[in-house]
Amino acid sequence: MKIQTERLEADPDGIARAARLLRDGRLVAFATETVYGLGADATQGDAVARIYEAKGRPAFNPLIVHVASIDAAQRLVTWSALAQRLAEAFWPGPLTLVLPLKPEAGVSSLVTAGLPTLAVRMPQGAAAQVLLRAADRPIAAPSANPSGRISSVSADHVMAGLGGRIDAVLDAGPCQVGLESTIVAVGEHVQLLRPGGIPQEALEQVLGAPLQQPETGAITSPGQLASHYAPGARVRLNATSATPDEILIGFGPVQSALTLSASGDLREAAARLFAILHEADADGRPIAVAPVPMEGLGQAINDRLRRAAAPRK
Ligand code: TXA
Ligand code: MG
């Protein structure tokens with residue numbers, strides 16, 4: 001069924017309206033510093049179910065819960081000294097912590113897809129923070145795109161992908177980081193589940209120890225499904241030039257009108273990645289992408305590019 005999607009400005013009225021919709025169990029896409037999230041009240045099972053419906057997302061994929069403060073996170077999960085150290089260093093910001101779910105948290109089991117753990121994060125960005133405080137409840141939010149497609153880094157992307165399927169989008173402009181959050185599981189050690197907006201090196205510096213790498217083969221973070229973030233067209237990686245029928249996405253020395261960063265800046269490349277993929281996808285030709293080095297944010301950029309290029313099921 002098609003519904004009318006309201007486009008809300010990120011001013012006090014718009015944010016108040018967005019918070020009211022969320023409390024009423026409706027779906028509201030909102031800007032975070034990473035990508036737009038498709039938010040719903042995590043304590044209302046039917047609201048969370050609407051997320052899966054709107055995205056066409058496989059039901060086994062658990063969701064990140066967004067909170068306004070460390071205190072709010074502590075009400076949901078069993079906190080630890082390691083969690084505190086990471087949150088103090090990186091919150092608000094693009095780091096998601098996976099911790100044991102408290103039974104009394106009141107979070108719908110649809111959010112965790114039945115797992116005993118919960119992924120929590122405190123996003124940056126004035127609009128997201130004011131919205132979370134006004135909603136005054138944990139907000140489950142996957143990236144605001146149809147399942148398996150490119151993440152949205154502007155309200156226009158959200159409207160193009162989910163318009164008519166969600167209640168509103170709170171437009172706070174383009175996302176600053178442009179890549180999803182880094183996800184770590186926090187136990188006795190800290191394990192990397194998904195590379196993202198906080199580079200591995202920065203985490204290791206705060207921890208004073210290397211991260212445990214994800215076990216190969218195990219889908220510990222189902223966003224790690226091989227084909228994900230996929231444009232409609234075929235994607236070829238590590239291309240130093242394009243064939244006549246391809247469109248080239250450049251980086252650094254590999255120059256193209258469409259480039260992740262002409263100067264080879266990884267932060268700029270991360271912030272532009274999904275917008276550039278959207279642009280290339282709209283062109284319709286197969287996509288060739290220049291090599292991007294693996295250091296710093298390059299790890300997360302290459303992770304997304306590999307998924308964009310993976311054979312489709
Ligand atoms: O930056 C972000 O993280 C964005 C913004 C909106 O916050 N959100 C985002 O959500 O990327 P999503 O749903 O597209 O990706 C969430 C990832 C999935 O790969 C999911 O499997 C993983 O988080 N995840 C959620 N709960 C988990 C848990 N309890 N254990 C392991 N992985 C979990
Ligand atoms: Mg996603």
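In the predicted model described here, helix α9 passes helix α10 in a left-handed crossing, a crossing being left-handed if the near helix is turned anticlockwise from the far one by less than a right angle, and right-handed if clockwise. Residues are numbered from 1 along each chain as its sequence is written, and chains are lettered from A. Local features need pLDDT of at least 70 and side-chain atom pairs count only at pLDDT 80 or more, whereas totals for chains, interfaces and linings use all residues; side-chain values use heavy atoms, with hydrogens and water left out.

Helix α10 spans residues 298-309, and its axis lies 9 Å from that of α9 at an angle of about 30 degrees. Axes are lines fitted to C-alpha atoms, for helices over the stretch in contact, and angles run from 0 to 180 degrees between N-to-C directions. Helices (H or I, at least four residues) and strands (E, at least two) are DSSP runs, numbered from the N terminus. The two helices α9 and α10 are therefore roughly parallel, given that angles under 35 degrees count as roughly parallel, over 145 as roughly antiparallel, 65 to 115 as roughly perpendicular and the rest as oblique. On the α9 side, L266, A269, A270, L273 and F274 meet G298, I301, R304 and L305 of α10, contact meaning heavy atoms within 4.5 Å. These residues comprise seven nonpolar, one polar and one charged; Ala, Val, Leu, Ile, Met, Phe, Trp, Tyr, Cys and Pro count as nonpolar, Asp, Glu, Lys and Arg as charged, and the others, Gly among them, as polar.

In the loop between α6 and β7 (139-140) lies D136, a residue other than glycine with a positive phi near 55 degrees. D136 is exposed, at a relative accessible area of 59%; buried means under 20% relative accessible area, exposed over 50%, and partly exposed in between (1.4 Å probe, protein chains only).

Helices α4 (residues 81-90) and α8 (residues 200-207) have axes that come within 10 Å and cross at roughly 125 degrees. They are therefore oblique to each other, and α4 passes α8 in a right-handed crossing. The contact involves L82, R85, L86, A89 and F90 of α4 together with A202, L203, V206 and L207 of α8. The loop between α4 and β5 (95-100) holds P92, and the peptide bond from W91 to P92 is cis, with omega near -10 degrees.

In helix α7 (residues 155-162), the buried residues are A155, H157, V158 and L162. Viewed down the axis of α7, they fall within an arc of 155 degrees, so they line one face of the helix; the arc is that of the directions from the helix axis to the C-beta atoms. Exposed residues D156 and A160 are carried on the face turned away from the buried side of α7. The elements packed against by the buried residues of α7 include β1 (6-9), α2 (45-55) and α9 (266-283).
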